[in-house]
Amino acid sequence: MSTTAPAPGKPATDERLLKTSPLKKFLGRPELGSVVGAVAVFLFFAVVADSFLRAASLATVLYAASTIGIMAVPVALLMIGGEFDLSAGVMVTTSALISSMFSYQMTANVWVGVGVSLLATLAIGVFNGVMLIRTDPPSFIITLGTFLMLTGMNLGFTKLISGTVSTKSISDMEGFSSAKDVFASTITIGDVDFKITIVWWLAMIAVATWILLRTRAGNWIFAVGGGEQAARAVGVPVGRTKIGLYMGVAFGAWVSGQHLLFNYDVVQSGEGVGNELIYIIAAVIGGCLITGGYGSAVGAAVGALIFGMTSKGIVYAEWNPDWFKFFLGAMLLLATLLNAWVRKRAEATK
Amino acid sequence: MTTEAADTTEAPAPGDRTPLVELDAVSKYYGNIRALEGVSLEVHAGEISCVLGDNGAGKSTLIKIIAGLHQHDAGTFRIEGEDTRLSSPREALDRGIATVYQDLAVVPLMPVWRNFFLGSEPTKGVGPLKRMDVDVMRRTTHAELLRMGIDLRDVDQPIGTLSGGERQCVAIARAVYFGAKVLVLDEPTAALGVKQSGVVLKYVAAARDAGLGVVLITHNPHHAYLVGNRFVLLKRGTMSGSHARDEITLDELTRQMAGGSELDDLRHELERAPEPDLKEHGDAP
């Protein structure tokens with residue numbers, strides 16, 4: 001039967017396929033809800049807040065979005081892989097604390113601390129992943145455990161070592177200014193100041209999108225989230241894929257943590273609690289399914305942008321910031337409803 | 001690459017050839033539960049061996065042993081004449097045994113072409129630029145499905161939007177493409193209508209004609225008899241019968257499958273059962 005087989009060079013187009021307009025294609029994308037939401041939020045604040053459209057304000061919005069987005073992007077990948085990481089928020093603080101305290105106590109150069117922090121944070125990610133695949137409970141419970149342990153360790157070790165709840169200043173140490181250039185500098189374009197975290201954010205979006213859509217690992221991420229048993233049955237390394245995803249979150253936490261440290265010089269050890277939910281919400285608004293197997297890195301980044309616009313927009317509109325939470329809740333509900341609809345369409349089986 | 005499967009068609013004359021897969025008195029215990037005992041099965045190239053049995057007869061356990069998910073506790077398991085103990089599904093795949101599960105065959109939300117190559121994606125480029133060869137993946141998926149007789153409109157549609165029969169066929173086409181020598185099908189027609197079952201059975205036959213050895217697990221003797229060369233009947237974990245096609249009729253197969261004398265008892269019992277009071281309910285719409 002191989003002799004009559006058409007050459008694989010035959011183009012995969014078909015006359016029964018109506019030419020889909022770019023608009024229709026876009027309607028099928030996971031980012032749809034978030035982009036529509038982002039445009040709506042943007043227009044809303046552009047109307048109600050006079051100062052919102054100023055270049056300086058937009059740079060501030062982007063900065064706020066990037067600090068969330070650096071974490072939301074890897075968290076989104078993890079969610080596409082079907083898992084959660086509740087320890088993501090405090091892991092940022094942990095990473096910053098390790099850099100600061102290791103540098104202060106052990107060496108003269110902050111870069112050593114930064115390197116140690118990278119290894120330690122990645123190790124936390126590996127711990128989460130290994131615990132998950134070695135044992136049975138859902139990732140929700142495992143990372144809740146990690147979350148609590150890290151929260152306690154952050155406070156406990158900081159008090160033990162520096163006597164207060166914050167770290168000592170390291171700004172006079174060797175390497176501080178170069179590290180600040182990398183993690184917390186400001187780039188001036190025209191007369192507008194952009195934070196370097198925006199660059200980190202864009203880079204993470206690009207890398208995550210590349211991995212997700214064009215590499216084998218990306219195929220495996222979709223597969224372990226969308227059908228773990230099926231993935232295992234065709235030989236996908238499920239365990240390694242999940243550990244890799246947790247390490248991705250850890251890497252994001254390391255970047256965020258170094259930004260915290262070199263932006264403010266001292267680290268408050270109680271910070272970060274609750275942020276994990278913000279990352280998850282940004283990913284969900286960006287079109288990631290809670291149940292896994294569907295979503296995009298760009299969507300999560302747009303979700304983070306919505307966060308940035310809302311939190312700063314409320315300030316520019318001179319409203320009570322309490323309304324921020326209300327907006328967030330409304331966005332989350334809308335996004336979830338839209339996701340449910342998308343999934344129903346995509347899974348219209350039988 | 002497309003000729004891989006066809007290479008196995010030159011099967012030697014029957015009689016003097018080694019079976020692709022051979023189970024000899026294989027047993028499996030889960031703790032003190034006897035899941036499978038003394039089951040023997042031969043799978044030859046270009047033939048379909050059917051495993052028939054009711055729920056709980058041990059069909060799933062048998063599949064899991066052949067697919068490398070579980071190891072047998074007694075008896076021998078030979079692949080091409082060589083004693084084997086598979087440690088993982090990956091190893092089974094590498095030895096040419098592909099298993100298509102009823103529900104687990106595919107990831108519903110992923111496009112057809114991603115599913116087709118899942119776990120064995122072709123790549124190009126090196127280092128950080130190493131990437132999936134998406135064009136080849138799309139084109140090959142379309143061509144391979146066409147070869148099996150499935151003319152897909154759009155390989156980008158989520159595989160969940162295909163019908164159950166089509167999904168089974170994609171899974172079979174995938175196994176054939178990746179050079180499987182033995183195809184294990186777990187109840188491929190269980191959830192399908194008559195017409196769709198026919199379509200799937202056609203592809204099973206196509207895989208057989210391509211020179212693969214097929215293990216068809218089913219509880220439908222009619223489907224089995226349409227395509228099967230040998231029939232193994234399982235009952236409560238043991239082998240209750242093993243027949244070549246020319247030794248048995250469909251009626252006899254159905255009777256044995258349904259439990260033979262048990263069926264007679266059941267008929268007897270149903271005849272004696274008090275007639276339901278139809279009059280009282282007769283008025284209901």
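This note goes through selected helices, helix pairs and annotated spans of the structure above.

1. Basis of the model. This is a predicted model, in which local features need pLDDT of at least 70 and side-chain atom pairs count only at pLDDT 80 or more, while totals for chains, interfaces and linings use all residues. Residues are numbered from 1 along each chain as its sequence is written, and chains are lettered from A and ligands numbered from 1 in the order in which they are written.

2. Chain A overall. Chain A holds 14 helices and 2 strands, where helices (H or I, at least four residues) and strands (E, at least two) are DSSP runs numbered from the N terminus. Of its 350 residues, 48% are buried; a residue is buried if 20 or more other C-beta atoms lie within 10 Å of its own, exposed if 12 or fewer and partly exposed in between, with C-beta atoms placed from the backbone. Among contacts in chain A with a separation of 6 or more, 79% join residues 24 or more positions apart, a contact being two residues whose C-beta atoms, placed from the backbone, lie within 7 Å.

3. Annotated spans. An unreviewed UniProt entry lists several stretches of chain A as "transmembrane region", including residues 32-53 and 139-157; such positions are given in the numbering used here, feature names are shortened, and annotations may be inferred rather than shown by experiment. In the model, residues 32-53 of chain A are 77% helix and 0% strand, with end C-alpha atoms 24 Å apart, and residues 139-157 of chain A are 100% helix and 0% strand, with end C-alpha atoms 26 Å apart.

4. Helix α5 of chain A. This helix (residues 110-134) has 25 residues and reaches 36 Å from its first C-alpha to its last, close to the 36 Å expected at 1.5 Å a residue, the expected span being 1.5 Å times one less than the number of residues. Its buried residues include Val110(A), Gly113(A), Ser117(A) and Asn128(A), and what covers the buried residues of α5(A) includes α4, α6 (139-162), α7 (176-184) and α11 (238-264) of chain A.

5. Helices α4 and α12 of chain A. Helix α4 (residues 88-106) and helix α12 (residues 275-285) of chain A pack at about 125°, with their axes 5 Å apart; axes are lines fitted to C-alpha atoms, for helices over the stretch in contact, and angles run from 0 to 180 degrees between N-to-C directions. The pair is therefore oblique, since angles under 35 degrees count as roughly parallel, over 145 as roughly antiparallel, 65 to 115 as roughly perpendicular and the rest as oblique. Ala88(A), Gly89(A) and Val92(A) in α4(A) meet Asn275(A), Glu276(A) and Tyr279(A) in α12(A).

6. Helices α8 and α9 of chain A. Helix α8 (residues 197-214) and helix α9 (residues 216-226) of chain A have axes 5 Å apart at an angle of about 75°, and are therefore roughly perpendicular to each other. Residues of α8(A) in this contact include Ile211(A) and Arg214(A), which face a group in α9(A) that includes Ala217(A) and Ile221(A).

7. Phe326 of chain A. Phe326(A) lies in helix α14 (residues 323-346) of chain A and counts as exposed because it has 11 C-beta neighbours inside 10 Å.

8. Helix α4 of chain B. The end C-alpha atoms of this helix (residues 134-147) are 20 Å apart, which agrees with the 20 Å that its 14 residues should span at 1.5 Å a residue. Its buried residues, among them Arg138(B), His142(B) and Glu144(B), pack against α3 (112-116), β8 (131-132) and α5 (164-177) of chain B.
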